[in-house]
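Me: Hi! Could you walk me through a couple of packing details in this one?

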Amino acid sequence: MRMGRRLRGFDPEQCFDAKLAARGGRFTLSRQRGLPSEKHRKQRSQKQRTADFGPLLASRKCTTRSTFSDRPVRIPCRNLFSGLVALYDRLSSRSDDFLPVHSFTPKSLRETYNCNSAYIHSILVARKRAAQRPSLKDRDLSQCELRLSNLDGAVVFVGSMLSADQDTGLPNGLRIGDAVLEKILEKLDALPAKFHITDERIKTIRTFARDTPFEQLFNSYPFDADAREIFADTFRRGKPNKFHAALADAVDKKKIAAIVTTNYDTCLEQSLRAFDLVIEQEHITKAPTSTNAVCLFKLHGCASLPSSIIYRLKDEGALPTWKREYLAALVRGRDVALLGYSGRDFDICPILLNSEYKSLTWLFPGTDLGQQLKSQSQNAQHVFGNLDRFPRVRAALGGFDAFFDMRDAFHPTKDSGEIVSRLFEKERQHPEEFAHWRASLLNAISCRIGTDAILGTLDVRTQSEPRFIRLRSDSLERSGCYRDSISEVVRWRNALDRTKQPDDWLETFVVEAGRCYTAGYLGGAARAFAAFRREITSLERDSIVFDESLAISHETYLYLLMRKRIPAAFPPLGKFLYPVLTHTLDIPRLQKAADFLYSRGRWQELHLIHQAASDFGVRLDIGAGSDRHVLLSAMDGFSQLNNLVGQAAAYRKSPVWDPDHCARLLDGLWAYGHNPEYWKCFVAFRRSLPVDVVDKARDRCAHAFAQCQYSALLTLVSRIRLRVGTRKSR
């Protein structure tokens with residue numbers, strides 16, 4: 001094979017002429033050198049950055065010249081390599097098989113582009129499987145019918161939309177979440193201009209914050225007992241609607257063997273005539289298949305038992321063993337139907353979708369499945385984007401009208417009722433508690449501007465509390481003020497009582513090491529890591545009780561960070577060090593830490609450790625009996641949490657970038673005030689962005705970088721990256 005010059009990437013200042021000829025299963029790539037013409041330079045100023053691949057010459061062995069025209073093919077891409085992969089996708093999908101799949105080899109790509117062979121091979125395998133995978137249209141999923149009258153001993157999984165009909169008088173979780181979020185963001189509207197909350201910025205913040213899950217919103221709610229009582233009192237008032245009555249009739253006719261629901265309301269109990277209610281483990285008196293009465297399994301608790309209600313992210317960890325086993329026994333060998341369920345739960349989908357059911361049919365409204373999936377949860381998008389992994393999963397369209405055979409039957413409740421006002425009724429008596437709730441939520445979704453604004457409204461005494469000092473340190477870190485953030489971490493540590501708060505005390509060393517690592521202060525990170533280990537020994541020697549599993553998880557994360565920094569600090573040696581470091585990685589230790597974080601519902605830390613392990617090419621089996629690492633990648637996991645910074649950082653490592661999504665991420669990062677991630681994303685995404693977006697973001701990028709406090713070496717390296725990334729086109 002005649003090899004062309006090794007190409008490091010696509011340069012929009014040069015013109016590439018890629019000629020592919022299939023000759024004995026190989027191809028030839030040539031590069032047209034020299035500066036582009038003025039006409040070509042004008043073509044480059046279009047909104048969509050593209051690479052030119054053409055003219056393409058076909059081999060006589062494959063097809064005739066008339067099959068494919070000599071006109072250049074313009075394909076959106078990040079660089080020449082990703083463009084060539086996109087070209088492969090287009091050619092391999094042609095009916096005349098212009099370019100055989102086997103002619104596009106990892107070896108030839110590695111030799112031509114000086115890329116990692118294993119990485120290229122994984123992309124090619126994924127592309128080949130995607131081409132062979134039956135599409136939704138090929139599987140005729142849109143024609144799959146799900147009718148209540150056709151069920152026979154099925155298990156019905158009921159979501160909140162079933163009780164959101166106006167006849168019931170109950171709002172669903174999305175309505176409550178939107179109303180609570182609006183109440184929280186109202187505080188930002190009233191703040192003075194000194195907090196930099198402009199109308200444009202608050203509009204963008206509202207757009208991104210709207211995707212925050214219900215459980216994340218209430219994760220730091222200050223009055224747990226009050227919230228449970230409010231939820232219980234609200235959902236006890238619900239009245240059964242026509243859908244509940246139809247399900248009850250189907251139960252009497254033996255069409256439904258069990259009903260599983262995440263709803264708190266008691267509408268199903270009021271409709272069913274004979275049922276075995278299971279909320280807690282002590283309610284299980286017999287096996288789910290050994291009774292004639294229908295089993296009603298309420299996974300997230302019930303309004304009749306307020307202490308059982310699960311509404312916070314910290315409570316929604318791995319399902320307890322008894323719930324996991326009972327759910328698996330219910331669906332084993334049965335048909336499962338999902339009604340009014342979004343799939344936004346963190347703990348259920350990995351168990352349910354990997355159970356031994358006979359078939360699982362997910363009901364969606366509307367008539368276009370592709371359009372419906374765009375607004376669904378990451379869990380639903382993953383399932384129907386990887387149908388080869390879930391061959392027994394089907395989709396049905398038409399919503400409740402088709403399932404219950406009722407025309408125009410569903411009319412959703414339009415407001416959230418009085419539940420929101422009751423949740424905020426104690427704000428006047430406890431303003432600092434609600435300020436902490438607001439700041440913690442905005443910090444969790446990485447809105448640094450909002451967190452700063454809320455903290456700025458507090459008096460000096462309140463700001464001196466350890467919980468607010470921690471939020472302040474997080475906010476400084478996201479603004480790029482790493483040295484100031486480290487000082488705040490030390491201040492946070494000094495405000496804690498080592499004997500009464502040992503877990504928080506140990507966490508301060510972990511946070512300090514992480515901040516030093518990010519800022520490039522490797523010596524400081526190593527010292528904090530060593531101090532963390534010394535403190536563990538000291539606590540054990542002083543017989544102070546602390547959470548050892550949590551400490552081990554934190555130590556494991558630091559262990560991964562320090563290993564990642566070694567090859568990153570010496571790039572020329574990186575390709576030799578990474579295989580050695582990966583081979584000596586303590587994978588059981590990583591697995592144990594991931595399982596612990598999964599069981600505690602510490603999702604942000606779980607996805608951080610997942611992403612760090614992925615950088616070494618290690619796949620963790622997170623969660624007993626589940627495939628969460630496959631079900632949700634780190635990027636999708638941060639997206640489900642609505643953590644914009646985590647999502648952007650993971651997306652930067654994606655092999656393919658969507659220009660619209662890149663521009664959207666940059667807008668969100670700027671509105672949130674996250675300086676370090678903004679300039680990194682701009683440098684990474686620049687060649688995938690439209691020209692007008694690049695021109696607008698270039699000055700913002702320089703401003704964001706100027707706010708960051710890096711070490712001298714990292715500042716030099718970052719400045720070089722920034723100078724190359726923000727260079728204007730000639």
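Predicted model: local features only at pLDDT ≥ 70, side-chain atom pairs only at ≥ 80, totals over all residues.

Me: In what order do the strands of the open sheet come?

Reply: The order is S5-S6-S4-S3-S7-S8-S9, seven strands with parallel pairing. From one strand to the next, the twist averages 20°.

Me: Which strands stand at the edges?

Reply: Those are S5 (275-278) and S9 (393-396). Each has a single partner strand, so one side of each is left without a neighbour in the sheet.

Me: And how many bridges join S3 to S4?

Reply: Five, between residues 154-158 of S3 and residues 256-261 of S4. Val155 stands opposite Ala258 in S4.

Me: OK, which strands does helix H9 touch?

Reply: H9 (residues 242-252) packs on the sheet against S3, S4, S6 and S7, and its direction makes about 145° with that of S4. Helix H11 (residues 321-331) packs on the sheet too, touching S3, S4, S5, S6 and S7. The direction of H11 makes about 145° with that of S6.

Me: Switching topic: at what angle do H31 and H33 cross?

Reply: Roughly 35°, with the axes of H31 (residues 659-672) and H33 (residues 691-706) coming within 12 Å. H31 passes H33 in a left-handed crossing.

Me: Which residues make that contact?

Reply: H31 brings Ala663, Asp667 and Trp670, while H33 brings Val693, Lys696, Arg700 and His703. By class, that gives three nonpolar, one polar and three charged residues.

How values were computed
Residues numbered from 1 in each chain as written. Heavy atoms only, no water. Axes fitted to C-alpha atoms, helices over the stretch in contact; angles between N-to-C directions. Helix = DSSP H or I, 4+ residues; strand = E, 2+ residues; numbered from the N terminus. Left-handed = near helix turned anticlockwise from the far one by under 90°. Contact = heavy atoms within 4.5 Å. Nonpolar A, V, L, I, M, F, W, Y, C, P; charged D, E, K, R; others polar. Pairing = 2+ DSSP bridges.
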